[in-house]
Amino acid sequence: MAERHASETALAWLTLFSTSVHFILETWYHLEWGQPLQALIVDYICVALMVLGGVASLRLRPRSAAGLLAAGWAFSLGFGWRSGFGRLELRNSGAANVQGEADFVMPIILASLAVVAICLLWSLWLAWRQARGVADQD
């Protein structure tokens, strides 16, 4: 069995940091603009997956939990993609902002999607490496 790559620890900490920011901002968004409860629950499911992946990765050392990290990042990208591009579709059709939210929310969502996509690729690379049984040569 291959040991974890040295960069997995950094990704685990980035995952936990990002998850903390996500939790705080989504809770604030829910309180400020009143998104539906089911939308908040989906965000909290994402937070739970990300915490699970990050904590498991840090606790399983020297083994890897790259698959759990990839699952959390993939879930985040999936619902974030729908959220971001759903808003773009509404804007292109001339509809008002979702829930009456401020204009600055959309650029934040798009920038976040770029970061999430990079982290997903990173975690998938780690999981692929683990699946192939490649030992860390660093």
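Modeller: Start with helix H3. Trp 81 and Phe 85 sit four residues apart in it, so about one helical turn separates them. Helices here are DSSP runs (H or I, at least four residues), strands are DSSP runs of at least two residues (E), and both are numbered from the N terminus. Trp 81 is partly exposed, at 49% relative accessibility. Phe 85 is partly exposed too, with a relative accessible area of 35%. Buried stands for under 20% relative accessible area, exposed for over 50%, and partly exposed for what lies in between, using a 1.4 Å probe and protein chains only.

A word on the source. This is a predicted model, in which local features need pLDDT of at least 70 and side-chain atom pairs count only at pLDDT 80 or more, while totals for chains, interfaces and linings use all residues. Residues are numbered from 1 along each chain as its sequence is written, and side-chain values use heavy atoms, with hydrogens and water left out.

Now the rings. A pair of aromatic rings is described by the distance of the centres and the angle of the planes. Rings of Phe, Tyr and Trp (its six-membered ring) pair if their centres lie within 6.5 Å; planes under 30 degrees apart are stacked, those over 60 are edge-to-face, and the rest are tilted. That rule gives three aromatic pairs. One of them joins Phe 75 and Phe 79: it is tilted, at 5.8 Å centre to centre with 55° between the planes. Phe 75 and Phe 79 are four residues apart in helix H3, so they too are separated by about one helical turn. Phe 75 is partly exposed, with a relative accessible area of 30%. Phe 79 is partly exposed at 22% relative accessibility. Trp 81 and Phe 85 form another tilted pair, at 4.5 Å centre to centre with 35° between the planes.

Gly 80 also lies in H3. Gly 80 is buried, with a relative accessible area of 11%. Contact means heavy atoms within 4.5 Å. Leaving aside neighbours within four places in sequence, Gly 80 is in contact with Ile 109 and Leu 113. Met 50 is 30 residues from Gly 80 along the chain, and their C-alpha atoms are 14 Å apart.

Next, the partner helix. Two packed helices are described by the angle between their axes and the distance between the axes. Axes are lines fitted to C-alpha atoms, for helices over the stretch in contact, and angles run from 0 to 180 degrees between N-to-C directions. Helix H2 (residues 37-59) packs on helix H3 (residues 66-92) at about 160°, with the axes 7 Å apart. That makes H2 roughly antiparallel to H3. Angles under 35 degrees count as roughly parallel, over 145 as roughly antiparallel, 65 to 115 as roughly perpendicular, and the rest as oblique. H2 passes H3 in a left-handed crossing. Left-handed means the near helix is turned anticlockwise from the far one by less than a right angle; clockwise would be right-handed.

The H3 side of this contact includes Trp 73, Phe 75 and Phe 79, and the H2 side includes Leu 49, Met 50 and Gly 53. By class, the contact has 12 nonpolar, five polar and one charged residues. Ala, Val, Leu, Ile, Met, Phe, Trp, Tyr, Cys and Pro count as nonpolar, Asp, Glu, Lys and Arg as charged, and the others, Gly among them, as polar.

Look at the loop as well. Pro 62 is placed between H2 and H3. A cis peptide bond joins Arg 61 to Pro 62, with omega about 5°. Most peptide bonds are trans.

Thr 19 is found in helix H1 (residues 7-33). Thr 19 is buried, at 4% relative accessible area.

Finally, the whole. The chain has four helices and zero strands. Of its 138 residues, 37% count as buried. Its C-alpha atoms fill a box of roughly 55 × 25 × 20 Å along the principal axes.
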